[in-house]
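I opened my notebook to look up two topics.

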Amino acid sequence: MAEIIDGNAVASEIRDDLADAIETLADAGERPTLATVLMGEDPASETYVNMKQRDCEEVGIEGVHVDVDGDAPAADLFDTIEDLNADPEVNGYIVQAPVPDHVDYREVIGRIDPLKDVDGFHPENVGRLVAGDARFRPCTPHGVQKLLEAAGVDTEGADVTIVGRSDIVGKPLANLLIQKADDGNATVTVCHSRTEDLAAKTRAADVVIAAVGVPELIDGSMLSEGTVVIDVGVNRVDADTEKGYELVGDVAFESAKEQASAITPVPGGVGPMTRAMLLYNTVKAASLQTSVDVDLP
Ligand code: NDP
């Protein structure tokens with residue numbers, strides 16, 4: 001039977017360690033501040049932003065929220081970004097994706113001060129990550145690395161297959177795992193919708209990381225015995241529940257756990273880690289900007 005990797009427990013440990021770092025900052029008269037920006041009224045985005053604000057409150061980070069009208073011109077969002085860049089009280093901020101269609105998300109990212117870019121999506125931060133000198137690791141990939149570490153998985157020399165090549169998960173994660181570093185040194189295969197014979201790639205891996213957005217795409221028949229499986233996917237599927245749906249991953253959990261040595265559940269795996277690592281980046285931003293040294297987990 002596979003070990004179930006408990007993302008809630010690992011995230012909770014990281015949050016405890018961050019609380020210590022926040023206390024160190026407080027002793028120096030500094031309080032880390034995270035701003036969230038939401039343009040429009042997408043209900044899922046509202047939920048994410050609310051969760052981020054609640055997380056801040058729980059660990060002692062000051063949370064600020066800015067709403068921008070979804071019908072406003074892009075310039076209004078850019079003005080908000082300029083204000084946040086100039087605001088010395090704000091250490092880091094995120095612009096919740098997706099932005100409305102008339103706004104170019106790449107331009108949004110490019111306008112964020114790289115020193116406040118706690119999502120780690122600004123081209124300067126992407127470049128630093130690729131070069132092996134990351135300032136802010138994007139939250140989900142960083143969370144996956146922390147989960148692997150907590151599960152005692154040594155990535156050095158491991159064959160890792162990542163399914164998905166998005167800018168927020170697959171690409172940065174691949175780049176992190178190939179770094180010459182203790183939590184890297186893996187041999188990484190990155191798969192996507194044009195990959196031929198996906199099952200051959202997943203079966204050949206010691207670690208499979210699924211970030212696809214296709215419910216239960218990867219099942220036990222696509223895994224070799226003893227594989228470590230990290231499921232990033234969060235998909236709503238119709239179900240006979242109170243809400244009318246349930247959340248499932250990109251991995252068919254029941255069959256995969258028969259083959260895996262360790263596996264993350266959905267929910268309760270990568271999701272809580274993504275949230276914890278945003279807090280991590282905010283504390284790191286505050287430390288960098290105030291020159292107050294803190295111990296980061
Ligand atoms: P994207 O849609 O941006 O990327 C999906 C990737 O999967 C693409 O590279 C796509 O290939 C590839 N893909 C799609 N279908 C297949 C297929 N049949 N076989 C192989 N590859 C395929 O998704 P994200 O990276 O943003 O998110 C992926 C999943 O992770 C989603 O379920 C999302 O909800 C979840 N997520 C969860 C987070 C968390 O905190 N738990 C955080 C972020 C995302 P191509 O490039 O060719 O189109």
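How many nonpolar, polar and charged residues does the shell around the ligand have? I looked it up: ten are nonpolar, ten polar and two charged. Here Ala, Val, Leu, Ile, Met, Phe, Trp, Tyr, Cys and Pro count as nonpolar, Asp, Glu, Lys and Arg as charged, and the others, Gly among them, as polar.

I note that this is a predicted model, where local features need pLDDT of at least 70, side-chain atom pairs count only at pLDDT 80 or more, and totals for chains, interfaces and linings use all residues. Residues are numbered from 1 along each chain as its sequence is written, and side-chain values use heavy atoms, with hydrogens and water left out.

**Ligand site.** I found 22 residues around the ligand (a heavy atom within 4 Å of it). Arg165, Ser166, Ser193, Val234 and Thr274 come nearest. Helix H10 (residues 270-290) gives the largest share of the shell, three residues. Helices are DSSP runs of H or I, at least four residues, numbered from the N terminus.

A polar side-chain atom of Ser166 lies at 2.6 Å. For Thr274, a side-chain N or O atom is 2.7 Å away. Val234 uses a polar backbone atom, at 3.1 Å.

**Cysteines.** I counted zero disulfides (cysteine sulfur pairs within 2.5 Å). Cys56 is buried, because its relative accessibility is 1% (buried is under 20%, with a 1.4 Å probe and protein chains only). Cys139 also counts as buried, at 6%.

Conventions. A polar contact is a pair of N or O atoms within 3.5 Å; within protein, one must be able to donate a hydrogen and the other to accept it, and residues adjacent in sequence count only if both atoms are side-chain atoms. Helices (H or I, at least four residues) and strands (E, at least two) are DSSP runs, numbered from the N terminus. Buried means under 20% relative accessible area, exposed over 50%, partly exposed in between (1.4 Å probe, protein chains only).
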